[in-house]
Amino acid sequence: MAEKRDYYEVLGVSKNASDAEIKSAYKKMAIKYHPDRNPGNKEAEEKFKEAAEAYDVLRDPQKRPVRFCRNGRTRRFRWC
């Protein structure tokens with residue numbers, strides 16, 4: 001099974017992107033790779049699914065990956 005890419009990388013946004021930036025990046029990818037705009041193109045279909053999965057995770061703060069500080073530790077530690 002293929003490894004999952006970083007969801008931020010999939011949408012082409014930075015790890016500290018705002019909700020609006022994430023939404024905008026998803027909409028652009030959804031329009032570009034939508035199966036109705038690319039009939040029969042399996043690669044576009046896979047990219048569309050990958051973008052949808054990334055957006056589903058990143059739009060929900062409860063599902064969003066834990067952010068790390070510059071030392072590689074999670075923000076919940078006081079020394080970050």
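This is a predicted model: local features need pLDDT of at least 70, side-chain atom pairs count only at pLDDT 80 or more; totals for chains, interfaces and linings use all residues.
Numbering runs from 1 along each chain as its sequence is written, and side-chain values use heavy atoms, with hydrogens and water left out.

Helices here are DSSP runs (H or I, at least four residues), numbered from the N terminus. H3 covers residues 42–58, and its end C-alpha atoms are 24 Å apart, which agrees with the 24 Å that its 17 residues should span at 1.5 Å a residue (that's 1.5 Å times one less than the number of residues).

Which residues of H3 are buried? Ala44, Phe48, Ala51, Ala54, Tyr55, Val57 and Leu58, buried being under 20% relative accessible area with a 1.4 Å probe, protein chains only, and exposed over 50%. They pack against H1 (7–11) and H2 (19–33).

Now H2. Its buried residues are Ile22, Ala25, Tyr26, Met29, Ala30 and Tyr33. Down the helix axis they fall within an arc of 135°, so they line one face of H2; the arc is taken from the directions from the axis to the C-beta atoms. On the face turned away sit the exposed Ala20, Lys28, Ile31 and Lys32.

Last, Ile22: leaving aside neighbours within four places in sequence, Ile22 is in contact (heavy atoms within 4.5 Å) with Leu11, Val13, Ala17, Tyr55, Leu58 and Arg64.

Definitions and conventions:
Helices (H or I, at least four residues) and strands (E, at least two) are DSSP runs, numbered from the N terminus.
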